[in-house]
Each structure stands twice: as C-alpha cells, then as structure tokens.
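Please read the following report with the sequence and the three-dimensional view side by side. The text goes from one chain to the interface and then to individual side chains.

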Amino acid sequence: MSRLAKKQPSVCTSDPLKDEEVRRKLAVLRQILASCFGPRGRLKQVHNNVGGPVLTTSTSAVLLKALTPSHPVLRLLTASVLNHASRFGDCGLFAGILCSALVERAAALGVEAATAAGATGGSWACAPATCSGTTAAARCRWTSAAAAACWPWARARWRPSRACALTPGEARHVGAQVVRAFLHTVPCAAPGPVRLGRAATVAVEGRPAGRRRLALFNASLAGDLPEAGEGTFELDWEVSLEEVVLGQLMRLGEQVVRDGVQVFVCQRVVHPVLQQYLRKHGVIVVERLGIALLEPLIQVSGAQAVASFQTPVPVQSYGQLGGLRVLRCGSRELLHLLPVGDPPCCTLLLCHRTETALSELKVACQTAERVLRQTLTEPWALLGGGCTETHLSAYVGFQPRGRVHAAAELGCSRAHYLLAADAFRRALLAAARALEHDGGERLMDLSRAHCWDVPPGADPGPRGGRGGALRVRPHTPGDLEWSPLGTDHPPFSPAPPAGTDHPPFSPAPRRHGRRPAGAGLFRRQVQCPARCRGDG
Amino acid sequence: MSMLGCTAVNQGPHIGLQQLAALAAAANAFLGPNKKCKIVDGQESGESSLVCSSFRLLVQLDLSCAAGQLLNETTQAHQKAFGTGTGCLLFMAGVWSTTAVECLQEGVPVQHIVSAMLEGLDSCLEASRGIRLPIKEAVRHFGSGGDKRLDKHRDPKSIEKAQKGETCEPQAVLRGKANIKLTHSRHFGLGERTETGSFVPGMMSSSSSSLSGKPEPLDVTRLAVSVSHGCEDGMSLVVEAYRIQTESSRVDGGRGMFDLDKLVTCVLPGLPEGCSCTLHGFLTLVSEEQAPTAKGLEGQSLRVAVINGDLTKSYHHLGFSRPTDVRHMTGKLDCLGFHSESDWARKALTTLQRLKVDVLLVGGMVAEGLRQSCVEQGLLVIERVMRGVLRDFAETTGVMPVTYLSQLDEDCIGKGARAFMWRECGKAVAVNIQANATRLVTAVITSCVSSKLQMLEDRFWGCAHRLYHAMEDGHVLPGAGGTEILCAHHLRELSKPDGNRTHPLGDSNPYRGVVLQCMAEGWVEYVATVMWNSAAVPSKLEAWTVIDQSLKGLGAGTLPWTRLSEHLHGDGGHLAVVYDNVEAKLEAWRKALDLVLLVLQTDTEIITGFSTKDAKQESHLMLL
C-alpha cells in the first residue's frame, strides 16, 4: 500500500529583502556576529533548552555551525560565511558582518538592486588597487628570511578569546607552543616544491626506543560484519556469524605477528580476543585512534591504512616508527610515537581546566596554525584593528567623484550611484566600528584614515590637538584631525599609513594587530568579501 | 523545522551573573567545618536526597540555565581533578558574580572589570603562595601553637567522655546553632556524632607509636587533623588507610606514599556509624546464598579470574555493532535451543571448572542462570567490582582481565589471594579478599541511616584528597579564613591609588580601585560566612565587624600568618589550627573567576531547536 499525499504548490516570493521580518532577522544576525568581533568580543552561549551541553564561543565557525536560521536568505549567508571560514580558517566574523551590513544598507537604499550591486562592485574594484600590489597603501610585506620574525608576528596575531580563559602567562606559553608546532611542520631543505606537514592536536583533560614496524587499519576490527550493502543474510542455524568473523580476525592477527609487526593501530575498535592474542605476542595495540589522527600517523610512519580484514595485509602497507614512549599528562596516559628521520609532523598537546575552555582553545590554536601557514604562502599583511576598513572607506568616499562614467556604464543616475557607493562605505565603517564593545568611541584621523579607541568617559582631546588620542596612538606623528567613526567628514584621499614605514615585523603598537592578507582577498568573484584576520 | 530563538541578556542586570550568584548562595551552608545538610526534593519523582556538599547539590539540581550548566561543568572538573575545594569554588563564583553585577551597575565597562579582576586574582595568588607553609613546619606549629583540641583528646577524661558517645564542647555549640528544620526524619542531621570516639583511639595509637621513636606516622596524623576540616571521623579512617599502605609497602620495600588509586570504599548500610573502619585488602558484601561458598573458601589460596564487562550471553564489547538483517535457516527440526542461554551458561561453567577458578570478579553483571550454577559448584562470584580493584588484582595476583570467558586460559588466572570472613551484616556476609603484598585498602563506611551513607562517603573522600594533596603539594595554606583575610587585605592595599601597579593590564584603568575594593569584599564575605557557619560569631554582621577590625589592625606589608590568625581567633584558642590545600584552593579561585568572567563577557544566549509556536509565546525571544 502506498501513501498518497497531496502535492503542495511551490511558493514564489519576489524580493525577499523587502520583507520587514527578514530584515529584522538579518539585523539580529549582524548584531550577534558584530558583538563577537575582535579581541574583546563578547561570548555567546548556545544550548538547546532541554539540558544539552552549553557551547560558549565567539568563533564564527563554531557559532554558525550551531545555528539553524529559519529564513533561506540567512541560511545562504551563514553557509557562505562557514564556507569562507572552512577555506581560510579565519575572518568568518568579518565576512559575516560586512556581508550583512552590505545587504542591509543596500536594501534600505530604495535604489534598484542591480544598481546597488553594480556600484558596490565598482567600489570594490578599487579595493585591490588600494590593498594589493607592491605599492600597496594599506598592506605591507613580510619576509620569512628571519625565523625570529615569526614570533612577534604570531604574538600580534595570537589573541585567544576570553572563552579560552587563559591567563596572560598561559596565553604566552600556548602561543609559543603553537608557533613551535608550526615551525615543526615546515620541512627543512627539501628539494622541489615545499609541502607543509601536519600538526595534530590532542586535547586532554616508558618503553625503550628502537625501530618498530607498524600496521595501521581504518576498518573496524570489532568483530562486526563489514557493511555488505542492501539485503538480508541467510545463515545456517549452526553457523555462528561472530565466530566466523573472529576466525578471520585471528588469521589477520597471525599474519601480523608472523610479519614482525610491533605496533598495531586501528582507527576504530579491536576485538578483545584479537587484542589478547596480539598482546601475548608482544604487539602494542592502539585502538580508537580516531579519524583526525589517522592522516598525521600515516605521515609520521609512512604506513598505508588497511581498509579490510578479510584479505591478507600487503607487506608494503606496513610503516616504520623510530620508537615509543609513554607520557603522563594529568590523569591520562599518552603513547608518544616517534618517527624515523625528521618528517614535518608534530603533536600539539593542549590541556585546560574545563571542557568549554578547552574546545575553544583548540579552535583558537588551529586557527592560528592555519593563519601562519597562509602567511607563508602569501607573505602580505594588512593593517589590523579596523584601520584597513577605515582606509578603504576613506578611499571609496573620495573615489566616486572621479568615477562618474561608472554610473553611465551601469545605466543609472549619478545620484543613485553615489548613494550606493556611500552605502558600501558605511558598511565598511560598520565593520570597523564592531570592534568596540564597551560603549567607547572610535575615532578616525583625517589624513591617514587610521582609527583607534577612546574608552567611555575618557577625553579624546581637542579636535586637531594632541590630547587623549595621541596617548592611545603614540606612533602617529604630528597633529591630528579626527572625527568619530561613522559621522560625516570631508572627503580626503588617505595618505599611505604609517605602518608601511615600519620595517616588517617591528613590534606592532598595542591595539594595532596585523593580519595576513589571505588568499581570496578582495577578489570580486568571491561571493562574500573575504579576508583574514584574528576574529575567528 | 528547527528554529532558533535568541534573547539578549545584557539589557538591565546581567541575568547569567545573577543565576550564578543565586545557585552559589544555595551552597553557602556547606562552607566551614560544620556543614548543614540540605534535602533536595524532586516534586515530580517524589524522591528526595540528602546532600552535604556543593558538587552533589549541583548534580541533584535541575540546571536548565546555561550559566548553571557551566557552573556544574566547572565544579565537576574541579572535583575530578582535586576531590576537594568545590565549596570554595562555588562560593567565590557566587560572590564574584555579585561583584561583577555591582561594578556593572556602577557603570564600569566590561573590559575594565575583566582586567582589574584578573589583576586582583593574579596578585592574590602570588601573595597566597608567599604565605604557604612547608608541611613539616606546619606540623611543628601545630605542636607548639597550643592546639587545645589535641590536648583535650590527650586528656583521659575527655577520651572517656568521647568514647561514651557524649559530645565534646565544639559540637555542643554546633548543636545550639543548627537552625535547619528537618521534618522528614529525626535521624537526619549531624548532631549525633558518636563516631568522635572512634577517632580518638586511632590518634592515640599513632601518637603512642610516635613516642616509641617513629616520627613519621605522628607527622601525618597531626597534618591530617589540621586538614580534617571538622570531619575527624572520616580523617581517622584516612590516617589508618595511610598507615596500612605504608606498612604494606615497607614489607614490599616500596615507597611509603599515600596512593589514592589503592583506596576504595565499601558502604554497608544497617551497621552503626561506630563500625566504620579500614581494612587491608578488598572488602565486599556477599549475598546470603553465596555466604556458605565464601565460608568454604576461607583460608585457602584462591585462584582468581577477572571479567571486565558483563558476563551474559548477549554482552558484547564496546564498539561492536550487532549485524542486522540476519535470518537463520535450518534443515533439521531438533535444533531448538541450540544457542540458548542455558547452553551458554553450561559451557561457561565448564570453562571455569576446567581452570579451577575459585573466585570470579566481574566488573559488570552476571547472568542469573550462570550465577546460580556457580553457587551450586562452590564458586564465589562478585559483581560490580570497581576498576581500581580489578587493576590491583591484576598487579598483585597476576590475573589478566578478559572480556569473554572464551579468552580464559591458565595464564589469565591469578593465584595467591586469600579470603577472610569479616563480619555478618544481617543475612549477608562481608568478605575480605586479600592478595599477596597488595597495598589496596578498603574503608568501610557504615550508617544506620542509609541516606547518610553517600554523604559520609563523600566526606571520607574529601578527607582523603585533602591529606593526599597536602602531602603532594608539600605545602599548606593557613586555613579557617586566614588566607582569604590576607587576600582581602592585599586587595584593599592594591586598590589604593598608590598601590603597586605591576600587572601589564593594570595601567590606564580608571576603575581599577573600585573593582578591586568590590572584589576584596568577596573575600571578606567568605570569611564571614565561614565564621558564622562555624558558630564563632552570633551573626554575620558581627563577623564582618570582627574581620574589619582585624583588617584595620593589620599593618601594610607582608604578614606573618600567625599574627593573622591571632587577629582572627583572639587568644581564646577554641578553634584548632586549620590548614587548607594550596593547589586545590588556588585552582578553585582561578576556575571561579574564569567562570564569572566567561559569563560576564557573554551577552547573548542562543537557544537552538526552538519551534515557531514556542517562540511566539515567549515575547522576549527574538527568532532568527
């Protein structure tokens, strides 16, 4: 019997952004993302209201994965931000904030959507001119000539959120370990194209060294039947399926012992009978390795993961280990597998007080590692702390006057084009303003378009005077003319920022982090504005 | 369709911080040596339980709020790592939440609260480490510093009094102050403490052994008394356990360390609390039907087998997934029951008999049929044995734990264990199984009131961990609020404008003084609560006055802790010298502050899996 259901007609909604409800939801999402942004970003607690675990985070990849927005527009936005975050491992929050601010402002303009998109694209097109090329205004190059440069750079980049609950001393220590782990993954003096290795992260709450042969399985050796697709097994009553499978496993064990394997590793569970047999023959058994550690182990040992226990193990799939030792970490005992030679692999062992903080720390460390890797492949950095956005916004605010022909190309009036370009400029400033969370003011200087914070209640100093503003930004020379971020100011063409005068990797001023110019930076084909920065 | 509701919590007072403060306030009565129990009553289930420690309380409560769950997670993590100090953690989380709320109300920006509180704690941790005492020195203090209670115990009259079950003076004071209304049962409450008597003989034996030229046990006994925190009966069991462990390792030639892995508890309901004791080896209660079997094995050298999980036909190891869609076929008609339970049990018994197993220790359950046939064959089966015990048998008898009976062979059998009848408990029998040269010690915890058993067990473990950590750290902190007074004093000094600004985050924080002042009050509140709970003062207000006076009396600069405790206790000396663990306490503070700052910096609570219907009813939620 089949069930009949009446087919529902599809519903078509034109211009969903006109809907007040959608715009309100978009604003909520933007507020959520904006309040997470930056080193002092606020945390979010995500839970399911029925006693499930509480997730405390300010990282876009973790936060957005936990959300399931109701409207397709929001789902599109979260999906593209997640995509960006998974590709670059960083800058998800910035992408989300800028994206939602752009959509919100463009929708509120009352200008044709095509015009808004065109003008935004046009303004966007001038961004690479500002931010790329060797004469870049807002970006500076770093050379990897000195390994010592790596540490100040990483320190400026390494800003674990408060959800990691680290003391300054602990943060320094973990930061140093991350850099050390990263340096381990850089192969030394390898001919041909350089391939970076892996840093496996193990989170926690002796045997003598000597070469050992290793067998690695990713099939379950728990004694279950391998998945045989659809259908039903028909078995004779007297045949015990478990015994048959166990017999196969034991044959495997015999072969492994015969081949002189000393370490037997399985991604999943190993049957206790097989374990007992192997241990009796002096083989060290490691089960439940997990998928995350499989790939690094393959790199360390050179073994190939065997996916079946029903056929003999090919001899070439065995790997080699330089040695083994047992480490104690708190209540846990860990087996340390030492490689033969010096493969670019290492393990980063992270410990923390609570589970919440540990999971956030793990994300922070992985982000930092990815950023360091990207820096190696693309050695460019943008000014941090919102300065790139203010610089770009000043540039965009100044530029349209010279780009009147662009309006004609788009087939819209000049006024509409300017409106749309202004919306883009304001969206950039909104992203820069999102770094301030304590009700303080953000100011921008009107010559180089740098920005800085003034804490609430503090006197920013007389306009154009040295005053409080200079106390915060001691590196800015001369008298300043400033205006609060987001207010109107006369258009000006920003001078190259003072940051580029510095030799690369001189210690960055406080509150003035740098960020690498990640791949996909300011490219028009990227759907979400893409950029890398320490916002998670 | 799954929806998402969001609610902003930063409008008005911070809800998360208030939740933390409210939850922590529920555990105030657990601070100090005289703990007042609470009854947690499940309205729906109709069950109620008696709790007397912070982490048990949190386990019992229905924590639906996110802050509460984080608090529970933090507390459990601390309990797992240290086994003591959760009361301190919970209390400090509560008072510092209040501090943060007060600062928010005064308009201090979040970042400044965070930096000032971090600075305050760092500086206090440093100051506290400065006043810690090496345990040897602490014990010496104990002897010369006039510990009246120890002297009192040495007084034969008071020992006699204690042995008769009469309460000593401090307890009498306690009884007068106990203001809990326990209507459910007249047996509840800690007033009737006959077990004081059981402590004194243990102490005396250790003291007398010290007189005969063995200084080591004496040191530990004195140290134990100073970290017993009002739980002398539990601590006497711990000291006895330590003595057994050191003696058996001396025979063995091993190091005389206190090993918590080799300590297990056995809870026996029905016996009076005076029967609590410690025994060398593994003690377990054997049911009536197995009692003759156990008696038959007494005194023999036993062959032991160990099964890790359950011993049933259907049990499989973790990670084994049963094949689905399997159809069995047969050509015969007489094969019914081929794979039956009884057939399996018969085979299992044959295996055990072939290997001449006398005692079968099982981590999980044993199939009913198999257990019956084992009883008939004179084979002792002990179920639900703790992992630590199984591990100890593996180390001492050479038994190899297995998952399935089919794995058993001669190499897996452990040899050389012996069984002794300890005593009869009703119809059941408590059997003591000792392996050769084992360091395993069982603490037997007894009570006529079964609801008190959990509490007594918890307190025993608290004592064991405190003694263990004191020996592990090698240092102790002045207790009874002494360290906290110092911290309060230190913060007040630090909050002055000319205070020492060493913290990197400390500069350019205009609100530093305000926040540090508020934070110092948290510590004063802690000491006041301890004093009030231990009935040293008639009211909390008076406690505040006393503490304020002693704080004023203390000069600036570093303080010798003795002077501090003089200020605190006067020269009445009715409070014994009390010490706290160093790492457990300092880590509890750190965790408490981390939690408060985590909640403080959270501005949004996001609830997933919300249906549209629910969201419309709750107007304060924003649907995403």
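In this predicted model, chain B contains 23 helices and 18 strands. Of the 624 residues in chain B, 54% are buried. When the contacts of chain B with a separation of 6 or more are considered, 76% of them join residues 24 or more positions apart.

**The interface of chains A and B**

The two chains meet through 67 residues of chain B, which are in contact with 63 residues of chain A. Together the chains bury an area of about 5900 Å² between them, and carbon and sulfur atoms give 56% of that area. On the side of chain B, Gln601(B), Ile606(B) and Leu624(B) supply 12% of the area that this chain buries against chain A, which is more than any other three residues supply.

Polar pairing across the interface was counted as well: 19 residue pairs, with both members at pLDDT 80 or more, are in polar contact between chain B and chain A. Several elements of chain B each supply at least two residues of the side that touches chain A, among them strand S1 (3-8), helix H3 (66-82), helix H5 (110-130), helix H22 (582-600) and strand S17 (602-610). The residues on this side of chain B comprise 33 nonpolar, 20 polar and 14 charged ones.

**Salt bridges**

Over all chains, the count of salt bridges comes to 37, and four salt bridges are found across the interface of chain B and chain A.

| Salt bridge | N to O distance |
|---|---|
| Arg353(A) and Glu587(B) | 2.4 Å |
| Asp580(B) and Lys585(B) | 2.6 Å |
| Arg426(A) and Asp422(A) | 3.0 Å |

Where do the two partners of the pair that crosses between chains lie, Arg353(A) and Glu587(B)? Arg353(A) is in the loop between strand S12 (345-351) and helix H11 (355-377) of chain A, while Glu587(B) belongs to helix H22 of chain B. Both Arg353(A) and Glu587(B) are buried.

The pair within chain B, Asp580(B) and Lys585(B), has its closest N and O atoms 2.6 Å apart. Asp580(B) has a relative accessibility of 9% and therefore counts as buried, and Lys585(B), with a relative accessible area of 6%, is buried too.

The pair within chain A has another setting. Because Arg426(A) and Asp422(A) are four residues apart in helix H14 of chain A (residues 414-433), about one helical turn separates them. Arg426(A) counts as partly exposed because its relative accessibility is 26%, and Asp422(A), at 27% relative accessibility, likewise counts as partly exposed.

Salt bridges can also be followed through a group of side chains, as in the network that links Arg40(A), Glu436(A), Arg442(A) and Asp453(A).

**Two individual residues**

Is Phe182(A) buried or exposed? Phe182(A) has a relative accessibility of 3%, so this residue counts as buried, and its place is in helix H7 of chain A, which spans residues 168-185. Phe182(A) lies 94 residues from Phe88(A) in sequence, and the C-alpha atoms of the two are 16 Å apart in space.

Ser276(B) sits in the loop between strand S5 (263-269) and strand S6 (277-280) of chain B. Which residues are in contact with Ser276(B), once its neighbours within four places in sequence are left aside? They are Leu237(B), Val444(B), Ile445(B) and Thr446(B). With Thr446(B), the side chain of Ser276(B) makes a polar contact to the side chain, at 3.2 Å. The side chain of Ser276(B) also reaches the backbone oxygen of Glu273(B), at 3.1 Å.

How values were computed. Residues numbered from 1 in each chain as written. Chains lettered and ligands numbered in written order. Predicted model: local features only at pLDDT ≥ 70, side-chain atom pairs only at ≥ 80, totals over all residues. Heavy atoms only, no water. Contact = heavy atoms within 4.5 Å. Buried area = accessible area lost by both parts, 1.4 Å probe. Polar contact = N/O pair within 3.5 Å; in protein donor to acceptor, adjacent residues only side chain to side chain. Nonpolar A, V, L, I, M, F, W, Y, C, P; charged D, E, K, R; others polar. Buried < 20%, exposed > 50% of the residue type's maximum accessible area, 1.4 Å probe, protein only.
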